[in-house]
Amino acid sequence: MKRADDELARWVSGVLAIGTAVAIATVALGVALTLLLGGAAGQTAGGLVAQIMALKPASIVSVGLLLLALTPAAELVVALIAFARRGEHRYTLIASVVLSLLAVGVVAASLFSHGVGG
Amino acid sequence: MGLDLLLAASGVAAGLFGSLLGLGGGILIVPMLTLGFGYPLTTAVGVSLVCVIATSTGAAAHNVRAGRADVRLGLTLESGTVVGAVTGGLLAGYLAQRLLAGLFAALMVYTALNMARALLRPTADAGESVEADVQPSAPDGPDAPSYRRHRMPLALVGSFFAGNVSGLLGVGGGVIKVPLVHLVMGAPLHIAVATSNFIIGVTAAAGAYAYLFRGDVDPAVAGPVVLGVAAGAVVGARLGPRINARWLSALFLIVVLYVAVQMTLRAVAGAP
C-alpha cells in the first residue's frame with residue numbers, strides 16, 4: 001500500500017490529529033482542575049451553552065468536548081477546500097452537502113434541545 | 001475522586017478492548033455506564049458518542065495519512081450516515097428508555113452473531129493479497145478502485161440505517177458499515193475497516209450535537225471516560241499485533257451476550 005502523500009490526505013489527517021490532540025488536552029486540563037478544586041467545581045447543569053457559560057473548571061471539560069465534536073466538521077471544511085483546489089467538483093459538492101447536513105443537525109439540536117431529555 | 005478514577009478506568013477498558021477488537025468502544029461504554037454506574041441510557045449514549053468521536057478521529061488521522069481509508073467513498077456515504085445520525089440523536093430524546101434498551105439488546109445480538117460468524121471462519125482474510133494493488137486514495141478516473149460506486153444506492157440506504165443506529169444508541173456503527181463496504185460494495189476488508197472508521201467520526205459528531213445541546217452529556221462523567229478511552233485506544237493499538245484476537249473475540253462474545261440479556265431485562269422490566 002502506497003502512502004497517500006497528496007495535499008488532501010495531509011490536510012485531512014493533519015486537522016484530525018491536531019483537533020483530537022487539542023480537544024483531549026483541553027478535557028484533561030478541565031478534569032485536572034476539577035479534581036484539584038473538588039466538589040462544586042465539577043457540577044454544571046443544562047445544555048452545552050449553559051455548561052460553558054457557568055465558567056467553572058467543568059466548563060473547560062465542556063469546551064474540550066465541543067472541540068472534539070467540531071473536529072470532524074473542521075475535517076470536512078479542509079476536505080472541501082482540498083477537493084475544490086484539485087478541481088474534483090463531484091467531491092467538492094458532496095463535502096458541501098455533508099457539511100450543510102451537519103450544520104442543519106447543529107441548528108436542529110439547539111432548537112429541539114429545550115424541555116426534552118432522558 | 002474515587003468515582004472519577006472508576007469512570008476513567010472503565011474508559012481505559014472500553015478503549016483498550018474496542019481497539020483490540022476493531023470496535024469504536026461505544027458498544028462497551030453504553031452498558032458500562034447504564035448497567036455498571038446506573039446512569040440513564042440517554043446520558044450513556046451521549047457520553048459514548050463523544051468517546052467514539054475521539055477514538056475514530058485519532059485512528060482516522062493515521063489511516064488517511066497511510067492511504068488506507070478511501071476519503072472519497074467515505075464522504076459519499078457520510079451523506080447517508082449524517083442524515084441518519086441527526087434524526088437518531090433528535091429522536092432519542094423523545095423515545096422511552098425501555099424502547100432504547102430493547103433496541104440496544106437487538107444490536108448486541110446482531111454484533112454477537114457477526115462475531116460468532118467471524119470466529120467460525122477458518123482463516124482471517126484469505127483474499128487480501130489478491131487485492132493488494134487497490135489504491136483507495138486514487139482520484140476518480142482510470143485508477144479509481146472499482147468498488148467506489150458499486151451498488152451505491154443500496155450502500156446509501158445502509159449508511160442511513162447505520163447512522164440512525166449510531167445516533168440512537170451511541171455506537172460508531174462499524175458493525176454495520178464494515179460489512180456494507182466490504183460485502184455489499186466489494187472493497188477489501190482492510191480498506192472497509194479504515195473507511196468505516198473515517199466515516200464514524202463525522203457520523204458520531206452528527207449524533208452527538210443533539211445530546212450535547214440537550215444537556216445529556218454531563219462533563220463530570222464524560223471528562224474522565226473520554227480521557228480513559230483515548231488512553232486505552234492508544235495502548236490497544238500498540239498491543240494489537242501481539243494479542244490473540246480469536247480468544248479475545250470469544251471472551252467478548254460472552255460479554256456481549258450477557259449485556260444483551262441484561263438490556264432485554266431492562267427493556268421488559270423498565271429499569272431507569
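This briefing covers the fold, packing and confidence of a two-chain model.

The model is predicted; local features need pLDDT of at least 70, side-chain atom pairs count only at pLDDT 80 or more, and totals for chains, interfaces and linings use all residues. Residues are numbered from 1 along each chain as its sequence is written, while chains are lettered from A and ligands numbered from 1 in the order in which they are written. The predictor assigns the complex an ipTM of 0.87 and a pTM of 0.88.

**Confidence**

- pLDDT is the predictor's confidence in each residue, on a scale from 0 to 100.
- Chain A has an average pLDDT of 85, and 85% of its residues score at least 70.
- Within chain A, the element with the lowest mean pLDDT is H2(A), at 78, and the one with the highest is H3(A), at 94.
- Chain B has a mean pLDDT of 85, with 93% of its residues at 70 or more.
- In chain B, helix H10 (residues 245-269) is lowest, at a mean of 81, and helix H4 (residues 71-92) is highest, at 92.
- Residues 126-130 of chain B stay under 50 in pLDDT, and the model has 3 contacts for them beyond four places in sequence.
- Where pLDDT is low, the predicted coordinates should not be read in detail.

**Chain A: fold**

- Chain A has 4 helices and 0 strands. Helices (H or I, at least four residues) and strands (E, at least two) are DSSP runs, numbered from the N terminus.
- The order of elements from the N terminus is α-α-α-α.
- Helix H1 of chain A covers residues 7-37, which is 31 residues. At 1.5 Å a residue it should span 45 Å, and its end C-alpha atoms are 45 Å apart, which agrees. The expected span is 1.5 Å times one less than the number of residues.
- Of the 118 residues of chain A, 46% count as buried. Buried means 20 or more other C-beta atoms within 10 Å of a residue's own, exposed means 12 or fewer, and partly exposed is in between, with C-beta atoms placed from the backbone.
- Among contacts in chain A with a separation of 6 or more, 55% join residues 24 or more positions apart. Two residues are in contact if their C-beta atoms, placed from the backbone, lie within 7 Å.
- Arg86(A) sits in helix H3 of chain A. Arg86(A) counts as partly exposed because it has 14 C-beta neighbours inside 10 Å.
- Arg86(A) and Glu7(A) are 79 residues apart in sequence, yet 9.2 Å apart in space, C-alpha to C-alpha.

**Where the chains meet**

- Chain A gives 57 residues to the contact, and chain B gives 57 residues.
- On the side of chain A that touches chain B, the elements giving two or more residues are H1, helix H2 (48-53), helix H3 (57-86) and helix H4 (89-111).
- That side of chain A has 36 nonpolar, 17 polar and 4 charged residues. Ala, Val, Leu, Ile, Met, Phe, Trp, Tyr, Cys and Pro count as nonpolar, Asp, Glu, Lys and Arg as charged, and the others, Gly among them, as polar.

**Chain B: helix packing**

- Helix H3 (residues 41-65) and helix H9 (residues 219-239) of chain B pack at an angle of about 35 degrees, with axes 9 Å apart. Axes are lines fitted to C-alpha atoms, for helices over the stretch in contact, and angles run from 0 to 180 degrees between N-to-C directions.
- Residues of H3(B) in this contact include Val47(B), Cys51(B) and Ala54(B). Those of H9(B) include Val226(B), Ala230(B) and Ala233(B).
- The contact of H3(B) with H9(B) has 11 nonpolar, 3 polar and no charged residues.
- The axes of helix H1 (residues 2-21) of chain B and H9(B) come within 6 Å and cross at roughly 35 degrees.
- The contact of H1(B) with H9(B) has 20 nonpolar, 8 polar and 1 charged.

**Chain B: two residues to look at**

- Ala54(B) lies in helix H3 of chain B. Ala54(B) is buried, because 29 other C-beta atoms lie within 10 Å.
- Beyond its neighbours within four places in sequence, Ala54(B) contacts Thr20(A), Ile24(A) and Leu68(A), as well as Val226(B), Val229(B) and Ala230(B).
- Arg151(B) has a positive phi of about 50 degrees although it is not a glycine. Most residues other than glycine have a negative phi.
- Arg151(B) is in the loop between helix H5 (97-120) and helix H6 (152-169) of chain B. With 14 other C-beta atoms within 10 Å, Arg151(B) is partly exposed.
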